[in-house]
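These are my notebook entries on a single protein chain. I looked up its fold, its surface and its charged pairs.

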Amino acid sequence: TEVRCTEQSKGGLKYELVLADPCMDSPLRKPSTSPPKSISAEDIEKKLKEAEERRQSLEAMKLNQLNEKMSRLAEVNQKKEGLTEEFQETTRQNYEKKIEAFKENREAHIKSIQERQREHVSRVEEVRKSLDAQTQEMLANIQKKIENANEAREAQIAALQERLRNHDKHIADVRKQLEDLVDEKREKIQKKLDTAQENRAAIYRELQTKLQEKEKHAEEVRQNKSQTLEDAPLQNSEETAASG
């Protein structure tokens, strides 16, 4: 008989009871060299009785062994049940502890999340206030810059208008100066033209006078020459007469 114990699952055991015939190896008997004896009915009866007794003794021994194994199996089952109950109790206690720890951790986690959420909301509120303040400051700066830009633009426009007025005045002054200069130059040119015309007239009169004088001189020369030519034959005749 053989008892096998294997672990079926976590916390459980499986037992296998194997019943087998006993293996009784008897030494080989040497064949007797003596001549066979005759067996009587009493010997056969005796041997059968002895065989029956041996069989009964063997069955009783097997039954005792089986009872012992069954008893051990019952003890093992009882221990198994005790271990199973202990394991179940331990498992239940561990489970309850884990559940309790899970609840505590869950509550702590929820409190931590709530605390982080409150901190986040507080930070968001602070950031919002800071952004509002920065926005108001930026709007004030922008408004101030716009006002300054408007003032600067108006001042620049006024300066440009003043420069334009000064420029117009300067242009008017320059134009007047140019007109005065043109009038002055025109007068000078006119005077020069008048003087040149007078000089030309004087030169023309002088030239006419000189021309008249030359013509008069030429006329006198011509007349003198004619007179000379007229007086020459008479002088020649007088000289001829004087020489004769």
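**Entry 1: the chain as a whole**

I began with burial: of the 244 residues of the protein chain, 2% count as buried, where buried means under 20% relative accessible area, exposed over 50%, and partly exposed in between (1.4 Å probe, protein chains only). The model is predicted, so I note that local features need pLDDT of at least 70, that side-chain atom pairs count only at pLDDT 80 or more, and that totals for chains, interfaces and linings use all residues. Residues are numbered from 1 along each chain as its sequence is written, and side-chain values use heavy atoms, with hydrogens and water left out.

I then looked up the secondary structure, which comes to one helix and two strands (DSSP runs numbered from the N terminus: helices are H or I, at least four residues; strands are E, at least two). From the N terminus on, the order is β-β-α.

For the accessible surface I recorded about 22,700 Å², of which 54% belongs to carbon and sulfur atoms (Shrake-Rupley method, 1.4 Å probe; for residues, only the protein chains shown count as cover). Among contacts with a separation of 6 or more, 48% are between residues 24 or more positions apart; contact means heavy atoms within 4.5 Å.

**Entry 2: a nonpolar patch**

Which residues form a nonpolar patch on the surface? I found Met138, Leu139, Ile142 and Ile146, with about 380 Å² of accessible area together. Patch members have over 30% relative accessible area and no salt bridge; like charges are joined within 9 Å, and nonpolar side chains (Val, Leu, Ile, Met, Phe, Trp, Tyr) within 5 Å. Met138 lies in helix α1 (residues 41–243) and counts as exposed because its relative accessibility is 51%.

**Entry 3: salt bridges**

I counted 13 salt bridges, each a side-chain nitrogen of Lys or Arg within 4 Å of a carboxyl oxygen of Asp or Glu.

Glu184 and Lys188 form one of them, with the closest N and O atoms 3.4 Å apart. These two residues are four apart in helix α1, and therefore separated by about one helical turn. Lys188 is partly exposed at 46%, as is Glu184 at 37%.

Glu52 and Arg55 meet in another, at 2.1 Å, N to O. Both lie in helix α1, three residues apart, about one turn of the helix. Glu52 is partly exposed at 30% relative accessibility, and Arg55 is partly exposed at 38%.

Lys210 and Glu206 also pair, at 3.4 Å, N to O; they are four residues apart in helix α1.
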